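Please examine the sequence and the model shown below before reading on. The paragraphs that follow begin with a single residue and then turn to the wider architecture.

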Amino acid sequence: MNQGPQLNHSPQVNQNPQLSDGIAPDAILRVSHVTKFYRGVPAVRDVSFTLRRGRSLAVIGESGSGKTTLTSIAMGLLRPDCGDVEYYGDARDSADTAHSRDTVHSGETADSAGMSIINNHAALLRLRRESGIVHQDPFASLDPRWSALRSIAEPLRARGVPRDEAERQAAQTLQSVGLDPRVYGVRLPVDLSGGQAQRVAIARALVVRPRLLLADEPMSAIDVTARLQILDVLGGLRGKVAMLVVLHDLGVAQRLADDVIVMHHGDVVERGTVDQVLTHPRDSYTRRLIAAATL
Ligand SMILES: Nc1ncnc2c1ncn2[C@@H]1O[C@H](COP(=O)(O)OP(=O)(O)OP(=O)(O)O)[C@@H](O)[C@H]1O
């Protein structure tokens, strides 16, 4: 049930081979013609993009434009009404990339086929195992009863890593986000500032060495000074892990992302490299976002 304009293929849209519909050899995730309705109203309409290894893609748009719906679908957290998400993983681990390609979600036709359901389930598990998520509000995402070190070690413990080794890796990861594990490792979330708590949340997402990191408005719930720390930490990950970053602000996208898609009322109205879109915006909505950018 594809409704709405096919904006992904519109000649008005900035052309960018990295985000085109063809499967790039280093694609890690491909979202194809995804649509999602809530009570008959489209939240995301016919959106496609490819995320490549080591690239960072920002999804930009005002509140209600469909960013969270789209990225939740991409991460296998929400089922689309139509379209597919294909997760390729990391070709470094696979002699034949095609064999590691699984469809996470499919439309109704594929769901009715037994093999598709098995493939979907396997791909979904793999995507979840190989990805990390940083939410908007670190205090809502951290267990208030757990020390920073325990929060970070827990995903490793859940994968069967022995406690000592999990805590050693957790301490290392805490250090890598700029927090001394001897000082901050024992602290509960209540004893952390917003920026520190968000760095703990980032460390928890990174400790499992994800192939793919989703950061959903990672700075919107923390104060302005702490945002710079988060920008530094996430900016430092560019090129090292594939990132999907949900943002309101195109100025922030310039610091965190290589590529951008701009969403408006569930449609992609513009796409390209961040530099391309910032210097030659084609859509009036994008121009308004640029005028409102803070960095
Ligand atoms: N569970 C839901 N039930 C009904 N409508 C929903 C639901 N979730 C989202 N929506 C609607 O879908 C549209 C897109 O929402 P979404 O949360 O994806 O936007 P967003 O761009 O991420 O917004 P924000 O920046 O405020 O998080 C909005 O109109 C929203 O009201």
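Is D249 buried or exposed? The structure is a predicted model, and in it D249 has 20 other C-beta atoms within 10 Å. A residue counts as buried when 20 or more such atoms lie within that distance, and D249 is therefore buried. This residue is found in the loop between β8 (242-247) and α10 (250-256). In space, D249 and I60 are 6.8 Å apart, C-alpha to C-alpha, although 189 residues separate them in sequence.

The overall organisation gives this pair its context. The protein has 295 residues, of which 48% count as buried, and it contains 12 helices and 10 strands. Among contacts with a separation of 6 or more, 67% are between residues 24 or more positions apart. The chain is divided into domain 1 (1-130 + 212-230 + 238-295) and domain 2 (138-209). Eight residues from domain 1 and seven residues from domain 2 take part in the contact between them. On the side of domain 1 that touches domain 2, helix α9 (residues 224-235) gives the most, with three residues. By class, that side of domain 1 has six nonpolar, one polar and one charged residues.

Leaving aside neighbours within four places in sequence, L174 is in contact with A148, L149, I152, L179, P181, Y184, G185 and A203.

Beyond the neighbours within four places in sequence, S151 is in contact with L142, D143, W146, V200 and R204. S151 and A170 are 19 residues apart in sequence, and their C-alpha atoms are 8.6 Å apart in space.

Attention now passes to the strands. In strand β1 (residues 27-38), nine of the 12 residues are buried, so the strand is largely enclosed by the rest of the structure. Strand β1 is joined to strand β2 (residues 41-52) by eight bridges, and the two run antiparallel. Within this pairing, K36 has V44 in β2 as its bridge partner. The two strands form a hairpin with two residues between them, and R39 in the turn has a positive phi of about 50 degrees. Strand β1 also pairs with strand β4 (residues 82-87), again antiparallel, through five bridges. Here the bridge partner of V31 is V85 in β4.

R39 belongs to the shell around the ligand, together with Y38, A43, G61, S63, G64, S65, G66, K67, T68 and T69. Which helix provides the largest share of this shell? Helix α1 (residues 67-74) does, with three residues. By class, the shell has two nonpolar, seven polar and two charged residues.

Technical notes. Residues numbered from 1 in each chain as written. Predicted model: local features only at pLDDT ≥ 70, side-chain atom pairs only at ≥ 80, totals over all residues. Near = placed C-beta within 6 Å. Helix = DSSP H or I, 4+ residues; strand = E, 2+ residues; numbered from the N terminus. Nonpolar A, V, L, I, M, F, W, Y, C, P; charged D, E, K, R; others polar. Contact = placed C-beta atoms within 7 Å. Domains from an automatic or database assignment. Pairing = 2+ DSSP bridges.
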